[in-house]
Amino acid sequence: MRKRVVFAAAGSVAAGLAALLIWRGPPLPPGTVKTVARIRAGPVTGVITGESGYARSGGVRIWYESIPPVRPEKGVVLLNSSLGVGSLFWPPAFLGAMSAAGYRVVRYDHRGAGASSWMTGWSRKHPYSLIEMANDAIAVLDELRIDRVHVLGVSLGGFVAQEVAIAHPERVLSLTLMSTSADPTDTSLPGPRTWPLIRSALASLPLLRYHLLGGESNVVKGVLAGLVAQGSDEPVDVEAWTRIVLYDLRERGGLNLRALRQHQAAVAVTRSRYPLLNTIAAPTLVVHGTADAFLPIEHGHRLAAAIPSAHGLWLEDAGHPFPYPGMPRVMRAIMSHLDSAATATGCLGAPL
């Protein structure tokens, strides 16, 4: 009897996997297969266009890239990525808009991710904190001899950006905090919304087929399908994203799954920032979607209310993933925020 149950369960699993492989999910942009094959056939270039190198933060190596603007420089923006994600995955259109507006962009890989140290000796008994991750950001600025910057972070990167502003206020011209919180464990605020998360998980199931099939092409297709599923207003740049994903796989080893656990632990061991937010004097823009299922909108509202100089941009029906729907409006708000802060301080991110 037990054998029959086991065989029946195995058959169900096999059938489910077969169905998943057939279920294609969101359609890929036209020409995707040919574009991926063409780029795979040769060396992957054009992903790193600025000055790149490593900063030392204690005993940790932190990879960075400094991307110059295409017009006279009027400031520097430091980008802080989300949980477990390397800095190469900032949307190319977002980077291009920053550069076109006259801002030098500095992006770096959090410890554990990308080309930074993968923290192989890490354990849950001895985790690092968000404060140490903020020190990594400062190490990058010191290495590049940049005095003051506009600090921007999304999700986990927003946690780190707050820690930078709290501990190093003299380095921060402005803050832009997107889809983030001062304390995601605060029980007085709503936690992750179960049913939206379930719907999101079900919607992402077709993307698993690419991971099950394996290989470079399918990893690229999985990323492209995910971008299509996010429903951005702008068409997916298949050429640019294919180069990013292939470069990350070939030169950096791809996604480090251990970084997800490490970053989650860093959040868990770091104290709430709410009692410290009133010390932040930098002009702050809080951007949050009303349909964010991971960090509900109440986190954005409380964050904006707790920082004296903050104002909010609330995105109707936008969820947690970045880029958001309606990015032109978001970019206008961010650029206006950066320009206003630079004008008010008379500082353009001068070198040390």
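**Figure 1. Salt bridge between Glu163 and Arg273.** In this predicted model, Glu163 forms a salt bridge with Arg273, and their closest N and O atoms lie 3.2 Å apart. The pair links distant parts of the chain, 110 residues apart: Glu163 belongs to helix H5 (residues 156-167), whereas Arg273 sits in the loop between helix H10 (257-269) and strand E7 (284-289). Both Glu163 and Arg273 are buried. Helix H5 itself lies across E3, E4, E5 and strand E6 (172-178), running at about 145° to E5.

**Figure 2. Salt bridge between Arg104 and Glu73.** The closest N and O atoms of Arg104 and Glu73 are 2.9 Å apart in this salt bridge. Arg104 lies in strand E4 (residues 103-108) and Glu73 in the loop between strand E2 (60-67) and strand E3 (75-80), so the contact ties together parts that are 31 residues apart in sequence. Arg104 is partly exposed, with a relative accessible area of 21%. Glu73 likewise counts as partly exposed, at 35% relative accessibility. A search of the whole structure finds 13 salt bridges.

Figure 3. Arg38, Glu239 and Arg243 are linked in a network of salt bridges. Glu239 counts as partly exposed at 28% relative accessibility, whereas Arg243 is among the buried residues of H9.

**Figure 4. Surroundings and geometry of helix H9.** The 15 residues of H9 reach 20 Å from the first C-alpha to the last, close to the 21 Å expected at 1.5 Å a residue. The helix is mostly covered, 11 of its 15 residues being buried; these include Trp241, Ile244, Leu246 and Tyr247. The cover over the buried residues of H9 includes helix H2 (32-40), E2, helix H3 (92-100) and helix H8 (216-230). Gly253, which follows H9, has a positive phi, near 85°.

**Figure 5. The eight-stranded sheet.** The strands of this open sheet follow the order E1-E2-E4-E3-E5-E6-E7-E8, with mixed pairing. Strand E1 (51-57) and strand E8 (310-315) stand at the edges with a single partner strand each, so one side of each has no neighbour in the sheet. From one strand to the next, the twist averages 20°. E2 and E4 pair in the antiparallel sense over 4 bridges, and Tyr64 stands opposite Tyr108 in E4. H4 packs on the sheet, where it touches E1, E2, E3, E4 and strand E5 (149-154); the direction of H4 makes about 125° with that of E1.

**Figure 6. The largest nonpolar core.** This core has 47 residues, of which Tyr108, Leu130, Val140, Val164, Leu175, Leu277 and Ile280 touch the most other members. Helix H4 (residues 130-144) gives the most to the core, with 9 residues. A second, separate core of 26 residues includes Phe94, Leu285, Leu313 and Val330.

**Figure 7. Contacts of Tyr108.** Leaving aside residues up to four places away in sequence, Tyr108 touches Ile62, Trp63, Tyr64, Leu78, Leu79, Asn80, Ser81, Ser87, Met133, Ala137, Val140 and Val160. One of these residues, Tyr64, is the residue that stands opposite Tyr108 in E4.

Conventions. Residues numbered from 1 in each chain as written. Predicted model: local features only at pLDDT ≥ 70, side-chain atom pairs only at ≥ 80, totals over all residues. Heavy atoms only, no water. Core = buried A, V, L, I, M, F, W, Y, C linked by side-chain atoms within 4.5 Å. Buried < 20%, exposed > 50% of the residue type's maximum accessible area, 1.4 Å probe, protein only. Helix = DSSP H or I, 4+ residues; strand = E, 2+ residues; numbered from the N terminus. Contact = heavy atoms within 4.5 Å. Salt bridge = Lys/Arg side-chain N within 4 Å of Asp/Glu carboxyl O. Expected span 1.5 Å × (residues − 1). Pairing = 2+ DSSP bridges. Axes fitted to C-alpha atoms, helices over the stretch in contact; angles between N-to-C directions.
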